[in-house]
Amino acid sequence: QLLLVESGGGLVQPGGSLRLSCAASGFPLDLHAIGWFRQAPGKEREGVSCISSSGGRIDYADSVKGRFTISRDNAKNMVYLQMNPLKPDDTGVYYCAASGGWRSTYFTSLQTADFASWGQGTQVTVSS
């Protein structure tokens, strides 16, 4: 079973930066597209970014384009999300997730239904 663990969240002022990490175990990470999602209080979980299993395709939500950067190191079974500059609207619990089923090496998605394995989340709070 694929296990995902997020880290790197915290409290940061507007304009600041954070780097989230997603560590995978139990299954080769390079078989899965990995997505980052977030959920703010009272809102639905939304897709933030996704990187294909090969790393050859990346997608971002419009709200984070130009500010967030996703990357992966398959040799270390790690995926990262660099976030800067952060805004108060970026506040929420951030989750990483691995795609389910067989997918091409260039598959990406920002839809929660396309992901089968989820981490527990890490809190990001952007506030002055």
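Colleague: Is Cys50 buried or exposed?

Modeller: Buried means under 20% relative accessible area, exposed over 50%, and partly exposed in between, with a 1.4 Å probe and protein chains only. Cys50 has a relative accessible area of 0%, so Cys50 is buried. A word on the source: this is a predicted model, where local features need pLDDT of at least 70, side-chain atom pairs count only at pLDDT 80 or more, and totals for chains, interfaces and linings use all residues. Residues are numbered from 1 along each chain as its sequence is written, and side-chain values use heavy atoms, with hydrogens and water left out.

Colleague: How many disulfides does a search of the whole structure find?

Modeller: A disulfide is a covalent bond between the sulfur atoms of two cysteines. The cut-off here is a pair of cysteine sulfur atoms within 2.5 Å. The search finds one disulfide. Cys22 and Cys96 form it, with sulfur atoms 2.1 Å apart.

Colleague: Which parts does that pair tie together?

Modeller: Strands are DSSP runs of E, at least two residues long, numbered from the N terminus. Cys22 lies in strand 3 (residues 18–25) and Cys96 in strand 9 (residues 92–99), so the pair links parts 74 residues apart in sequence. Cys22 and Cys96 are both buried. Cys50 is in no disulfide; its nearest cysteine sulfur, that of Cys96, is 11 Å away.

Colleague: What is the handedness of the disulfide?

Modeller: The torsion about the S-S bond of Cys22 and Cys96 is about 70°, so the disulfide is right-handed.

Colleague: Now the sheet. What is the strand order in the open sheet of four strands?

Modeller: Strands of a sheet pair through backbone hydrogen bonds, either parallel or antiparallel. Two strands count as paired if DSSP finds at least two bridges between them. The order here is 1-3-8-7, with antiparallel pairing. Strand 1 (3–7) and strand 7 (68–73) stand at the edges with a single partner strand each, so one side of each has no neighbour in the sheet.

Colleague: How many bridges join strand 7 and strand 8?

Modeller: Six bridges, in the antiparallel sense; strand 8 covers residues 78–83. Ser71 has Tyr80 in strand 8 as its bridge partner.

Colleague: Which side chains make polar contacts with Arg38?

Modeller: A polar contact is a pair of N or O atoms within 3.5 Å; within protein, one must be able to donate a hydrogen and the other to accept it, and residues adjacent in sequence count only if both atoms are side-chain atoms. Arg38 reaches the Glu46 side chain at 2.7 Å and the Tyr94 side chain at 3.0 Å. Arg38 sits in strand 4 (residues 34–39). Its relative accessibility is 5%, so Arg38 counts as buried.
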